[in-house]
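Dear colleague,

Here is the structure I said I would pass on. Please look through it before reading my notes below.

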Amino acid sequence: LHPPESQLMTLAGKLGAEVLIVGSATVTPAAGGNESEKSVEVNVAAKAFNVKTGQPIGRVQQKNKVSGLNETQAGSKALADTGASVGEELSRKVVVAWQQEVTSGSVIQVSVEGTDGHIASFVRLRQTITSLSGVRELKMKAMSADRAEMAVQYQGNSRSLADALLLKAFEGFTIDIFEVS
């Protein structure tokens, strides 16, 4: 019995995992071989998912035929060899996906209230955000009398950006962060 991927994803999230790997393997007797050896065919498949987004990262499937003194020995060798090969290939796909995620970062929407009459302070806040490690770009989306909306491209999540801002000291004003999502 195999639990649905959605249940596995929920469990992986609760355990703090970033990646979920789901796989299957089958071993069946194969034609060929001779009197002293038995042949088996193995089929190993594995999929990786980004736990945070639920999106698939990659999929690998390989078949292999192995001979051995008996079906158990041949099956064990086939599973070990093919499983290792599938694991290596899938891990390369996960690394590529992580590198792309880190390179692109994420766009975090930042809303600032209380800008009315405090433009100089708001400019210093923008400069501070831009100077933070991991900030690739800051774009103004909208500005009204007492509110500003910005989009920050950041290599990290919104919590780490909020934490980095809270560690900064500002001259003439303070910041309070009311919500991080």
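Predicted model: local features only at pLDDT ≥ 70, side-chain atom pairs only at ≥ 80, totals over all residues.

The largest nonpolar core has 18 residues. Within that core, Leu-125, Ile-129, Val-152 and Leu-161 have the most contacts. Two or more residues come from each of β4 (106-113), α3 (119-131), β5 (135-143), β6 (147-154) and α4 (158-166). The biggest share is that of β6, with 4 residues. If neighbours within four places in sequence are left aside, Leu-161 is in contact with Ile-108, Val-110, Leu-132, Val-135, Val-152 and Tyr-154. Another core lies apart from the largest one; it has 12 residues, including Ala-48, Val-60, Ala-78 and Val-86.

Next, helix α3. The 13 residues of α3 reach 18 Å from first C-alpha to last, close to the 18 Å expected at 1.5 Å a residue. Its buried residues are Ser-121, Phe-122, Leu-125, Thr-128 and Ile-129. Viewed down the axis of α3, these fall within an arc of 120 degrees, so they line one face of the helix. An α-helix has 3.6 residues a turn, so residues three or four places apart point the same way. The buried residues of α3 pack against β4, β5, β6 and α4, while the face turned away from them carries the exposed residues Gln-127 and Ser-131.

Last, Asn-50, which is in strand β2 (residues 38-50). Asn-50 counts as buried because its relative accessibility is 13%, and buried means under 20%. The side chain of Asn-50 reaches the backbone nitrogen of Thr-53 at 3.2 Å.

Regards

Terms used. Residues numbered from 1 in each chain as written. Heavy atoms only, no water. Buried < 20%, exposed > 50% of the residue type's maximum accessible area, 1.4 Å probe, protein only. Polar contact = N/O pair within 3.5 Å; in protein donor to acceptor, adjacent residues only side chain to side chain. Core = buried A, V, L, I, M, F, W, Y, C linked by side-chain atoms within 4.5 Å. Contact = heavy atoms within 4.5 Å. Expected span 1.5 Å × (residues − 1). Arc of directions from axis to C-beta.
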